[in-house]
Amino acid sequence: MDFGLEVATARQAPAILQFLKQAQQESPFFVIKQDLAQITADQLGRNLEQMAGREDYLMLLLINAKHEVGGMVTLAPWPNLAGVLEIGVVVQARYQRQGLGQALLAEALDWVTNYSPAKHVRLTVQERNQPAQKLYAKFGFVRVPNSEQLVLDGQHQQVSAYDMDWEVEA
């Protein structure tokens, strides 16, 4: 199935919310801090409208001809670290291993380089998520020393994780 890349808009909020709920069920690696049962499409739509045009937020979607979301990448300020954006990448299980995560990551890093004043992009990856680690390393992400931590996975189990950082080229 063919996908195009689009910046998320408020009108896509119902499809985005459906995608997020599906991703949460499919993968122990996908973790979202908000309780999706408590978020409405209207609330998400308002949030997307507020994010539009900002230099420190981005949500890109993989959209097919049926307007279904097949994947997404988000960038948002990393808490308490100026000039650092947190990145998250998720692709529906049935579309994984087809280069879609790579396309999302490449597009997001290009946006940071060309449109954002951020100097670093950071993420937290679970130790057991080897495919993601390889993808991030391929793009130049490096492990942050002494960033090992326990996080809750998608099934609310504690797992080992660490941070990885990507520096914007000057």
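**View 1. The exposed and buried sides of helix α2 in a predicted model**. The face of α2 turned away from its buried side carries D42, E49 and Q50, which are exposed (exposed means over 50% relative accessible area, buried under 20% and partly exposed in between, with a 1.4 Å probe and protein chains only). Helices (H or I, at least four residues) and strands (E, at least two) are DSSP runs numbered from the N terminus, and α2 spans residues 41-51, with L44, G45, L48 and M51 as its buried residues. An α-helix has 3.6 residues a turn, so residues three or four places apart point the same way. The cover over the buried residues of α2 includes α1 (13-26) and β2 (58-63), and α2 is followed by G53, whose phi is positive, near 80°.

The model is predicted, so that local features need pLDDT of at least 70 and side-chain atom pairs count only at pLDDT 80 or more, while totals for chains, interfaces and linings use all residues. Residues are numbered from 1 along each chain as its sequence is written, and side-chain values use heavy atoms, with hydrogens and water left out.

**View 2. The crossing of α1 and α2**. The axes of the two helices, α1 and α2, come within 8 Å and cross at roughly 110° (axes are lines fitted to C-alpha atoms, for helices over the stretch in contact, and angles run from 0 to 180 degrees between N-to-C directions). This makes α1 roughly perpendicular to α2, a term for angles of 65 to 115 degrees. From α1, the contact (heavy atoms within 4.5 Å) is made by A13, P14, I16 and L17, and from α2 by A41, L44, G45 and L48.

**View 3. G101 in helix α3**. G101 lies in α3 (residues 100-115) and counts as buried at 14% relative accessibility. Leaving aside neighbours within four places in sequence, G101 is in contact with V89, V91 and L135. G101 and G71 are 30 residues apart in sequence and, C-alpha to C-alpha, 7.5 Å apart in space.

**View 4. S116 in the loop between α3 and β5**. The side chain of S116 reaches the backbone nitrogen of A118 at 3.1 Å. Apart from neighbours within four places in sequence, S116 is in contact with E55, L85 and W111.

How values were computed
Angles under 35 degrees count as roughly parallel, over 145 as roughly antiparallel, 65 to 115 as roughly perpendicular and the rest as oblique. A polar contact is a pair of N or O atoms within 3.5 Å; within protein, one must be able to donate a hydrogen and the other to accept it, and residues adjacent in sequence count only if both atoms are side-chain atoms.
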